[in-house]
Each structure stands twice: as C-alpha cells, then as structure tokens.
Amino acid sequence: MKRTILFLCLCLLLISCKKDNITSSIEGEELAVLTSPPNVPPPITRKTNTKLVVHLEVVEKKMPIAEGVDYTFWTFGGTVPGSFIRVKEGDLIEFHLKNHPDSKMPHNIDLHAVTGPGGGAASSFTLPGHESVFSFKALNPGLYVYHCATAPVGMHIANGMYGLILVEPKEGLPKVDKEFYVMQGDFYTKGKYGKQGYQPFDMESAIDEKPTYVVFNGAANKLTGDNALKAKVGEIIRLYVGNGGPNLVSSFHVIGEIFDKVYIEGGKLVNENVQTTLVPAGGSAIVEFKLEVPGNLVIVDHSIFRTFNKGALGLIAVDGPEAKVVYSGKQADNVYLPEGGAIQKVNEKQIVDVAGSVEDRIKMGSNIYSQNCAACHQPDGKGIDGAFPPLAASDWLNKDKERTINVVKNGLTGPIVVNGGNYNSVMPALGLSDEDIANVLTFVYNSWGNSKKIVTPSDVAKVKHTGAEVGGH
Ligand SMILES: [Cu+2]
C-alpha cells in the first residue's frame, strides 16, 4: 500500500511540470515578432507567460530554386523555410493563419509544438482570401517543425511549406553570440538539376523519392557568396536546424567544425562532440559550436552527392586572426618515395613526367582533370548550365591566367559571368599540389578551343595560397 502511494506521488511529480504549463497564468498580450531565414527572433526575456499573437501569411510565389531556374513555391511568410516563430514554454499562442487572395490553393498548418488533433491542421484550413484563428498552449519546450497538411500533403510540403517554431524552455537557453536558422528540403522538378528556365513540380519523382534538388533555405547553394552566414573567431554560434523533407533524412554536418553541443532531435537531451547529426524529415536539431579559426566552414548534408550535385551546400564565413596552434594550414608538400621495386618504378616515372615535356604535362593534366574536375565541369568541359560554368572556350578562363590559377588553388565563391551565363556558387579548393595545378590547367588551356597557354609549377607558386579553403574531410 505504502509503495503504491509512493509510486503515485512520483507520477504526480513527473507530470506536474507539464501540468504547470497547462494551468500557468497568462499575463497580458503580445504580438510575436517573426523573422525570415536565416534570421532568428531575439531570445525571450520576459519572466511571465503571455498570450502571444502570431500572424502568418501563406503566399504562393515564383522564386529561383537555382541560378536561372524558377519554381513556384508555396510559402509561410514568403520564404522557404517559412518565418521563424519563437515562443516561451507555457505561453498561450493565438494563431492567425491567412491565405493570400492570389493563392490558387487552400492551405493549413500542422505545428509539431501543438498538443491537439492534427497539430492545428483542421482548425486552420484556410481558403484563398480567408483567415483562420485557433489557440494552443505551448506545453513542451523544444524546436519543432511546422508544415502545411492540406491534401495532397506531400505536394504542399514539397513546394516549401514548412518552417520552425522554437518553444524556449522556462529558464531560457544558454546565451550564445549568434543564432541562425537553417532548414533543409528536397525538391522535385520536371527538368534535371540546373535545367534553365521555369521548372514545374514533378509528382512522379516525388513519389519515387528521387529529388532533383536538395537545398538549405530554399535554393541550391543559397547560403553562399553574399548570403553566407557571417561570424567571428571566438564566437559561439547556435544553428536551429530543421528538415522539411518531404522525403529525405539529413546527415547534417559542418566541414571544418565539431558540434560542441547537439540538442538531439530538437529536444532536451544534449550530446557533446558530435561530427554529424541526423535530422529526420519533419524533425530538427539545435547545434552549437565555438569558432576557433578563421576560414569558410561548409554546411552540408553528408550524403554528399546531395551537396556537390544537388545544391545542399552553405557557408559560414568566419573572420578573425589565425590560430596556428589549432590549425596550421599546409606545412609541407614533400615527394613521397616508398621503398620497393614496383612502387619505386611508378614514382620514378612520375618524377620523369614532372620534369618532362608539355605533352607529358597535358597527359598528366588530363588524368587530374577526370579525377578532380570532371564531376562538376563535366568530361567535355561544357559544365552544367546555371550550376557549373564551362571551361570549354571559356572567356573567363582565357582572359587571365593568374586569376585562373587562383581559382584552382584557393577556390571561388560569389557571382561570376562565364560566356554570358550567370553563376553564383562554390568552387572548392581541392588541395592539389602546384605541380598538379600546373598540369591540369595546361591540359584545360590546350583543350576544347581554349587559348593554348602553358602553366608551370613556378607560375602556380607565385599565386598566394590564402588558406581560406572550402572543402576538406
Ligand atoms: Cu499548403
């Protein structure tokens, strides 16, 4: 008997926290400040719970999904992912979902932070030119996905109808220097990756789970160039990471960093020293790390073809002083000659090639090209419209040898125009030796109607290594 009572007491204690949030008193009323990605509303400083009024508008609009490729997105708040919503555990949320009069479809919202049927879906079903209102109590702290749940659900999500809502724990989250909002999604178009012009949704590849694009924040390589996330050495940054799906699970990774902390699946449990964290479709994670060295950190889905061939790539540009103790940069590039017959022979041959003729250089460069460049610039050097610029008869390449060497040595981000086509993406520094760069560029310059320049290792040596390389691992 005594035991049963003890057990009951324990249960009561356990549910009392949640119960607190059910009965917590609500003081006053506030209008929620929503932000567009990659921005996050500021931490909530008020000590009490309030009635928080959220206004979110559904807008269907055409936007680029890649350079030169348009897609009709369905959005919460005009962006993909939708506006970031930040509330406090115990708050009463009065949710206003508006559907713009120009919309062609009805929409609704299912917030994973809602305790109630459909996460609000049925109560928020809204025709174009209408507004629905419903309320819910934020009982459980955590980072939650919201999404449209109007039939066909998969199609609404595939068109970009998802975002994040953070229910801050009562005591708040630890203070950090910067917070960002990054959300992955997979997209399905009629045309192949990079196919120019307007591309409609393709239901068949969505059902087959074969996306054309996998992206962060709504477009291929969106968080690069001017849109790279910016931070400084010494800062602690927090990423609110979501995955809208509709289909893929993300192996979320930042090249060149280790997550000091991961709030697993957006919940309370913290794991430390994590390299890659899984973010399920319709799920989230909060990751935090301190920035120790300058350079470009690369946000990827480590299912890596998605990164280099489908657009799942973003950058965190870290500014500040070098910390050679933490990371030295390349300290040496020595010839490596293992002992033993066969291997020795191969290396002897290569050493002959190193000092050999232009013909040798072109031949060796051709191999380097197929191993290091062809995946992006294509075996015929013609590139892929809107994604990877052509090297064949490239006006950009032929104009300036030094500038070209710099690209291969240090990588390139930001907008460039090649043969009249616009590109705004990322070319990673591949960590090739000066000799290899000389060979591959001599091959490129002597192929496909280019200007037949010769690049020597000493030409390459003259171009400074900036060390701010993209890539690695
Ligand atoms: Cu919808």
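Student: Let's start with the metal. Which residues coordinate the copper ion?

Tutor: Look for the donor atoms around the ion. In this predicted model, the copper ion is held by ND1 of His107, SG of Cys148, ND1 of His156 and SD of Met161, at 2.0 to 2.5 Å. Along the sequence these donors follow the spacing H-x40-C-x7-H-x4-M.

Student: Where do Cys148 and Met161 lie?

Tutor: Cys148 sits in the loop between strand E8 (142–147) and helix H2 (153–158), and Met161 in the loop between H2 and E9, so the pair ties together parts 13 residues apart in sequence. Cys148 is buried, at a relative accessible area of 0%; for Met161 the value is 0% too, and Met161 is buried.

Student: Why is the arrangement around the copper ion called irregular?

Tutor: Check the angles between donors. The four donor atoms subtend 88 to 137° at the copper ion, whereas a tetrahedral label needs all angles between 85 and 135 degrees.

Student: Now the sheet. In what order do the strands of the open sheet run?

Tutor: The order is E4-E9-E8-E6, and the pairing is mixed. Strands E4 (85–88) and E6 (110–111) are at the edges with a single partner strand each, so one side of each has no neighbour in the sheet. E4 pairs with E9 (residues 162–168) in the parallel sense over four bridges, and Lys88 stands opposite Glu168 in E9.

Student: How do I read a pocket, and which residues are closest to the centre of the second largest pocket?

Tutor: Rolling a probe the size of a water molecule over the atoms shows where empty space is left. The second largest pocket has a volume of about 910 Å³. Of its 47 lining residues, Cys376, His377, Val426, Met427 and Pro428 are the closest to its centre. Strand E22 gives the largest share of the lining, five residues. By class, the lining has 31 nonpolar, 16 polar and no charged residues.

Student: Which peptide bonds are cis?

Tutor: Omega is the angle to inspect. Val80 and Pro81 are joined by a cis bond with omega about -5°, and the bond from Gly245 to Pro246 is cis with omega near 15°. Pro81 is in the loop between strand E3 (69–76) and E4.

Student: And phi: what is its value at Asn273?

Tutor: Phi of Asn273 is near 60°, a positive value in a residue other than glycine. Asn273 lies in strand E17 and counts as exposed, at 59% relative accessibility.

Technical notes: Residues numbered from 1 in each chain as written. Predicted model: local features only at pLDDT ≥ 70, side-chain atom pairs only at ≥ 80, totals over all residues. Heavy atoms only, no water. Pairing = 2+ DSSP bridges. Helix = DSSP H or I, 4+ residues; strand = E, 2+ residues; numbered from the N terminus. 1 Å grid on protein atoms, 1.4 Å probe; cavity = no way out; pocket = protein on both sides within 12 Å on 5 of 7 lines; lining within 4 Å. Points joined across faces, edges and corners; volume = space filled by probe spheres on them. Nonpolar A, V, L, I, M, F, W, Y, C, P; charged D, E, K, R; others polar. Donors = N, O, S within 2.8 Å, 3.2 Å for Na, K, Ca; no water. Tetrahedral: all angles 85-135°; square planar, octahedral: opposite > 155°, others 65-115°. Buried < 20%, exposed > 50% of the residue type's maximum accessible area, 1.4 Å probe, protein only.
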